[in-house]
Amino acid sequence: MKKKEYKGIYGNAIDYSVYRLSLSGILLGGGCGYAAGFLVFQIFFGYRIVSAVLAVAGLAAGILILQNVRREQRAKALLLQFSDMLEALSTSYDAGRNTQGAFGDAYQDMLVQYGREAYIVRELDIIRRGMNNNDTGIEVMLQDFAKRSHCEDIENFADVFTVANQAGANLKKVIAETKTIIVDKVNIQMELATIISGNKNELNIMILMPLIVLFSMQGMNSSTGGTSMVTIICRAAALGAFIFAYWLGHKMVQIKI
């Protein structure tokens, strides 16, 4: 069942859990996936027509993989930009600005730093327009942003800000502490990504080795077991194990905080 996309209060915002590839992205992901699928099936089975048909699965997988990769990249970019927004908000509150003025200043700062097309600039523009039109409170706007972001840190900030603002608490302190927590978390994630990058490279090399060995054996016209039904079943089972091993290895090197 296709997930329903939520575009916010005004119906023109981004749902960050949904990513739609452009035509060029579909062609890139599908082309790479099809080529990789054809190569793998050809190495395992050796029948070009069969490989060309089965490689359609690689085409679909390539599109989905690229879609997921770009969605994750967008989520990381949003979180980094959000942490910079908190820095700008904290500076404005330190200067004695009220909430509306602080968010207006943050919008201008992010506009200069990232440009008009940046995700956080778009979100701040929506929040700022909602506040200026007096038709939606800041708490509602932040909760709407948090709902669409599908980011735990942004959701937590929206909840804390809502409670603090309604209770008349020290927003300057709340934002400063939230900024520190998120910045520390982002730094830890970057350090972990650096640490496990070597393991990811090793995983990719280990996955390629069986393909290289099989391809070399075929190049030397070495017997790889014939074309009997038993052989085909064994090769299919080996291919399934190969795919499962890659999936499991990929899961093992994914660390989330």
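**Helices, salt bridges and a surface patch**

Met-209 sits in helix α7, which covers residues 171-219; helices here are DSSP runs of H or I with at least four residues, numbered from the N terminus. The model is a predicted one, so local features need pLDDT of at least 70 and side-chain atom pairs count only at pLDDT 80 or more, while totals for chains, interfaces and linings use all residues. Residue numbers start from 1 along each chain as its sequence is written, and side-chain values use heavy atoms, with hydrogens and water left out.

Met-209 comes out as partly exposed, at a relative accessible area of 43% (buried is under 20%, exposed is over 50%, and partly exposed lies in between, with a 1.4 Å probe and protein chains only). Together with Ile-205, Leu-208, Ile-212 and Val-213, Met-209 makes up a nonpolar patch on the surface, with about 450 Å² of accessible area in total. Patch members have over 30% relative accessible area and no salt bridge; like charges are joined within 9 Å, and nonpolar side chains (Val, Leu, Ile, Met, Phe, Trp, Tyr) within 5 Å. The areas come from the Shrake-Rupley method with a 1.4 Å probe, and for residues only the protein chains shown count as cover.

On to the charged pairs. Counting a salt bridge as a side-chain nitrogen of Lys or Arg within 4 Å of a carboxyl oxygen of Asp or Glu, the model has 10 of them. One joins Glu-87 to Lys-179, at 3.3 Å from N to O. This pair ties together distant parts of the chain, with Glu-87 in helix α2 (residues 48-94) and Lys-179 in helix α7, 92 residues apart. Glu-87 is partly exposed at 38% relative accessibility, whereas Lys-179 is buried at 17%.

Just past α6, Gly-168 adopts a positive phi of about 70°.

Note on methods. Helices (H or I, at least four residues) and strands (E, at least two) are DSSP runs, numbered from the N terminus.
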